[in-house]
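Please read this briefing alongside the sequence and the 3D view.

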Amino acid sequence: MNKKIVFAIVTLISLSLHAQIPDATFLWNNQEYGLSFEDTSLTPTIKLAIKKDIEGIFARIPSNTGFYSITNSTKYTGGLNLLDRELHFPRSKSGFRFGIFFEVNGVKVFQLPQNVSEDYIQAVTITNQYVTGVNALPAFLARLNTLTPATITTNEYCQLFWNHKEQRILTVPEFKKNEIEDGFIDSETYQFLIPSILAFQTIDFLGQHYLYYSMVVRNKHDDSDQKTLTLIYANNAWRFFDANDY
């Protein structure tokens, strides 16, 4: 047989096998799921970062999140029924929503398109560059998740907000003038969540480089009540700031 034909057949078989074998697996609700990367050039480091990120996302979402069927595709069989929980999931700058899957031997394998992988590469670069800020975020959110209006003063509230135009924390008069509602930091009502490393971005103010983050806030008593708030790592601490005022 012609060597070129043999090579072509072997290549097709290899591609077919690759398409049927998940690149990574993770557990959710004691069930195994797979990940398939469209970009075959991803390094093991990037693949591991993506797996850990998605694994963490699934660990934080309600266990009753269901699936829907896709009947008009020859490849995909279904997707996650995100509904009001979609803020938990990584979303690329192109707008692709994570959650579409195909099945291999009964295992749901989630597809990660190349443009999402590219966003993850950028996110890993950012997290490697701003290690101190990234590592400080879980502790900051843990603190927010213990605060109530009865346990925090107005002065302490001010420490949590950043005036990016003048690169300093808010003063008490500014705080009151902006009519910031003290009660929105209330661990009895709200839970502050880390959605994905894709939410890490960088921004420049007056020649200074900052790390900022879009955080998910969930109402503990109403799962449909979710929103995002922007944090900035400034003056060696995470603080709230108004990204729309930039």
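This is a predicted model: local features need pLDDT of at least 70, side-chain atom pairs count only at pLDDT 80 or more; totals for chains, interfaces and linings use all residues.

**The open sheet**

- The sheet is open and is formed by 6 strands in the order E1-E2-E6-E5-E4-E3, with mixed pairing.
- E1 and strand E3 (67-69) stand at the edges with a single partner strand each, so one side of each has no neighbour in the sheet.
- Direction ignored, neighbouring strands of this sheet are turned against each other by 35° on average.

**Strand E2 and its partners**

- Strand E2 (residues 31-37) is mostly covered, since 5 of its 7 residues are buried.
- On one side, strand E1 (residues 24-28) pairs with E2 in the antiparallel sense over 5 bridges, and alanine 24 has leucine 35 of E2 as its bridge partner.
- The hairpin of E1 and E2 has 2 residues between the strands, and in this hairpin asparagine 29 takes a positive phi near 55°.
- E2 also pairs with strand E6 (residues 107-112), here in the parallel sense and over 4 bridges; the bridge partner of leucine 35 in E6 is phenylalanine 110.

**Helix H3 and its surroundings**

- Helix H3 (residues 114-129) has 16 residues and reaches 23 Å from its first C-alpha to its last, which is close to the 22 Å expected at 1.5 Å a residue.
- The buried residues in H3 are Val116, Ser117, Asp119, Tyr120, Ala123, Val124, Ile126 and Thr127.
- These buried residues of H3 pack against helix H2 (44-60), E6, helix H4 (131-144), strand E10 (200-205) and strand E11 (208-219).
- Serine 117, which is found in helix H3, counts as buried because its relative accessible area is 0%, and the cut-off for that class is under 20%.
- Leaving aside neighbours within four places in sequence, serine 117 is in contact with Asp39, Leu42 and Leu112.

- H2 and H3 pack at an angle of about 95°, and their axes are 10 Å apart.
- The two helices H2 and H3 are therefore roughly perpendicular to each other, because angles from 65 to 115 degrees are placed in that class.
- On the H2 side this contact is made by Ile46, Ala49, Ile50, Asp53 and Ile54, and on the H3 side by Tyr120, Ile121 and Val124.
- Tyr120 and Val124, which take part in the contact with H2, are also among the buried residues of H3.
- H2 additionally lies across E1, E2, strand E4 (78-80) and E6, and runs at about 15° to E1.

Terms used:
Residues are numbered from 1 along each chain as its sequence is written. Side-chain values use heavy atoms; hydrogens and water are left out. Buried means under 20% relative accessible area, exposed over 50%, partly exposed in between (1.4 Å probe, protein chains only). Two strands pair if DSSP finds at least two bridges between them. The expected span of a helix is 1.5 Å times one less than its number of residues. Contact means heavy atoms within 4.5 Å. Axes are lines fitted to C-alpha atoms, for helices over the stretch in contact, and angles run from 0 to 180 degrees between N-to-C directions. Angles under 35 degrees count as roughly parallel, over 145 as roughly antiparallel, 65 to 115 as roughly perpendicular and the rest as oblique.
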